[in-house]
Amino acid sequence: MSTLLQINSSIYNGGGQSTQLADRFVASYRERHPQTHYVRRDLGADGIPHLTSDRFRALQTNAHERDEAQREVAAFSDRLVDELKQADVIVLGLPMYNFGIPSQLKAYFDHIARAGVTFRYTAKGPEGLLTGKKAYIFAARGGVYPSAGSETQTQYVRDFLRFLGIGDVEFVYAEGLAYGDEARKASLLKAIAEIDRLAA
Ligand SMILES: Cc1cc2nc3c(=O)[nH]c(=O)nc-3n(C[C@H](O)[C@H](O)[C@H](O)COP(=O)(O)O)c2cc1C
């Protein structure tokens, strides 16, 4: 049985446009693969803490040397990492806020990038340890970014996932959501058509 992990990062949780697009894909996917084990994480509601020096030290400390507080931090990060490790398919709802990813998603990334756990350095450079997964990303934006290089969010998320070993990544965009009703509807219809094609 395969596992699908849906990670939403909108501050509006289920009401976010990126979440709704991700939801549509997940609904189609689960219809086609009814045996799929489904796990959902709403970062906007989960309250993922910022990575502080204390938290980072806790993650770097050997398991048998951690104090109680450090064990809690490590257990929190381990839960997120285990969820990812068990996922065959990862679906990410990705809003653009202030030209970047939501800070909740950055805090999540900071808790799953673990040397020796999700990546390692070799003589040939970094090696991602989360291999064999496919990711679908549903990006919602108020503006329109017509060409590669006119925004940095896509490259950043691609680079980060590749660093962890997740190189098979498909993006679907809903752009121009702040450009008035007509543009918004047209953009969502285009994204939905793409989702239905991907899910077919
Ligand atoms: C705090 C905030 C900052 C935003 N910054 C940007 C931005 O830099 N560029 C952009 O194109 N849209 C921006 N938007 C518009 C969002 O990308 C748009 O509302 C999108 O639907 C967000 O995804 P969500 O509905 O899943 O939360 C911003 C929206 C909010 C609430």
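1. Ground rules. Numbering starts from 1 along each chain as its sequence is written, and side-chain values use heavy atoms, with hydrogens and water left out. As this is a predicted model, local features need pLDDT of at least 70 and side-chain atom pairs count only at pLDDT 80 or more, while totals for chains, interfaces and linings use all residues. Helices (H or I, at least four residues) and strands (E, at least two) are DSSP runs numbered from the N terminus.

2. α3 on α4. Helix α3 (residues 53-60) and helix α4 (residues 68-86) have axes that come within 8 Å and cross at roughly 80 degrees. The axes are lines fitted to C-alpha atoms, for helices over the stretch in contact, with angles running from 0 to 180 degrees between N-to-C directions. So α3 is roughly perpendicular to α4 (65 to 115 degrees; under 35 is roughly parallel, over 145 roughly antiparallel, the rest oblique). In contact (heavy atoms within 4.5 Å) are R55, R57, A58 and L59 of α3 with Q70, V73, A74, F76 and S77 of α4. These split into five nonpolar, two polar and two charged residues (nonpolar is Ala, Val, Leu, Ile, Met, Phe, Trp, Tyr, Cys and Pro; charged is Asp, Glu, Lys and Arg; polar is the others, Gly among them).

3. α4 on α5. With helix α5 (residues 103-112), α4 packs at about 90 degrees, axes 9 Å apart, which makes this pair roughly perpendicular too. F76, S77, L80, V81 and L84 of α4 meet Y108, H111 and I112 of α5. By class, that contact has six nonpolar, two polar and no charged residues.

4. A look at I112. This residue sits in helix α5, and at 2% relative accessibility I112 counts as buried (under 20% relative accessible area; exposed is over 50%, partly exposed in between, with a 1.4 Å probe and protein chains only). Setting aside neighbours within four places in sequence, I112 touches L80, V81, L84, T118, F160 and L164.

5. Helix α7 (residues 181-199) has 19 residues and spans 26 Å from first C-alpha to last, close to the expected 27 Å (1.5 Å times one less than the number of residues). Its buried residues are S187, L188, A191, I195, L198 and A199. They cover an arc of only 105 degrees around the axis, so they lie on the same side of α7 (the arc is that of directions from the helix axis to the C-beta atoms). The buried residues pack against α1 (17-32), β6 (134-140) and β7 (168-174). On the other side of α7, E182, K185, L189, K190 and R197 are exposed.
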